[in-house]
Every structure is written in structure tokens, then in C-alpha cells.
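This report covers a pocket lining, a helix pair and a sheet.

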Amino acid sequence: MIKAAPDPRAVREASLDELARLGLPLPPLAFPLVWEQGDTVELRPVAELEARAAVLHVVVARCFGMPTEAAMSWLLGSHLVELVTPPEWQFVIGAKGDHRSFVLHHDAVFALAWLLGLSRHLDPTVPPDDRMMSQMPDLPAGESFTSWRSRSLMAIRDPAEAAVLLDLYYCLDWAFQEAEQNGRSLPGEVDANAIGQRRWALEWAVIFSGPYHDAPPEWEEVDLSV
């Protein structure tokens, strides 16, 4: 569903109000907008959101002891191997790469679960709730990707709502890093790494169209440096 993107300046004002409420530093006046007036917004297809969430769920499970053969078998049986990125595949089959960075993907799964309507909130002050894990494929029980999709009541978020949250997390990403670098206290139990993971998922999932937007990036191509 393609919709007109909301007024970016009004959304930004609301994002800055939320940063101020949380006691976080505000980005500079020249901090860029995520989209422009007149742009349209949509989410990636539901099947893509589900597949990315499932792949990341398996990657995180590998971090916590899921055997290599079980992870590979699940991905093969679910026909998701082609959607596993090279760094993810190297980690799944040989535990190669930064283990800590893959653990952090738990927060990216949280953001994707929110987009799919499986999580009630994406509060930047609290970690993913335990309920979220029961909403994802039950890997220890061998639940297949198809079975998970069948039992899950996906209620996809409105693209405009997702855009608003992306703008907030774009600002939060800067604010949390700035606060940590300056030794300022954070407003809850979540750190800058977790905020960055949630932003990563939102940046990938929310697609804007307009004169200043490139083609949607692949997962590993999402640029979090700006």
C-alpha cells in the first residue's frame, strides 16, 4: 500500500519533542530530514518482512546455542537460504564474524515484529519483551516457516505510522550515540547499539519514493552513518 508520506517537518518537530521529553541531546539544526514533502511511502511486501525477521531470528538463535546443522536445515527447509546475506551465512555455518553484533540483531527482530504487528510497541526505553519470542518461529520445536506464518496474525503497520517511527529512531540514533560519548545518562534500559539495530530494520523496511531517493537498499547496504 503506497501512501502520501506525512509532513516531514511536523514529524521532525514531534521527534525532537520526544527527545526532549526523554532528556536526550537534540541534533543540530542542519540534521537532515528522512523524506521530503510530496514523497510517498510504503512498506516492503509482507513476505519479505516475514522472511527477514525469520532469518535474523535464526541468526540470533545460533548466538545462543542453536546447532549449526539445525540452523542450516531449518533455513533450507524454509526455502530462505537465498535470503541469508553472506555475513549471516558465514556466521550460521561457521560462527565466523562478530558474535556480539549478531546478538544485537535481537533488536532488529523486535522492530520487524512491530512492523508485522506481532509486538505492541517499539518503546526506545525498554528492551524487547519476552512475549515477542513466542510470536516468532518456535525453532526448538521445529516449527516451520510456513507453519509460523499460518499461526501468526500479522497486522501490518500503516506505512505513514512506520515513517513517523523511523524519523524518531533516526533522531534517537544520533541522540543516544551523542549521550554515550559525553557520558550522559540514558532514559531507560536500552543503549545506542540497540537503537541502531531498530533503526536498521526500519530503514530497510520503509520505502520512500520521490526525486531524492535511491532504490531501496539490500539489508547489508543500509547506511546508518548519516
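The lining of the largest pocket divides into 16 nonpolar residues, one polar and six charged. The model is a predicted one, and in it this pocket has a volume of about 580 Å³. Of the 23 residues that line the pocket, Val 34, Glu 203, Phe 208, Tyr 212 and His 213 are the closest to its centre. At least two lining residues come from each of helix 9 (159–181), helix 10 (192–205) and strand 3 (206–209).

Four bridges join strand 2 (residues 40–43) to strand 3 in the antiparallel sense. Within this part of the sheet, Glu 42 has Ile 207 of strand 3 as its bridge partner.

A separate packing contact involves helix 3 (residues 68–77) and helix 4 (residues 86–94), whose axes are 7 Å apart at an angle of about 135°. Helix 3 is therefore oblique to helix 4. The residues of this contact divide into six nonpolar, one polar and no charged. They are listed by helix below.

| Helix | Residues in the contact |
|---|---|
| Helix 3 | Thr 68, Ala 71, Met 72, Leu 75 |
| Helix 4 | Trp 89, Val 92, Ile 93 |

Conventions: Residues numbered from 1 in each chain as written. Predicted model: local features only at pLDDT ≥ 70, side-chain atom pairs only at ≥ 80, totals over all residues. Heavy atoms only, no water. 1 Å grid on protein atoms, 1.4 Å probe; cavity = no way out; pocket = protein on both sides within 12 Å on 5 of 7 lines; lining within 4 Å. Points joined across faces, edges and corners; volume = space filled by probe spheres on them. Nonpolar A, V, L, I, M, F, W, Y, C, P; charged D, E, K, R; others polar. Axes fitted to C-alpha atoms, helices over the stretch in contact; angles between N-to-C directions. Parallel < 35°, antiparallel > 145°, perpendicular 65-115°, else oblique. Contact = heavy atoms within 4.5 Å. Pairing = 2+ DSSP bridges.
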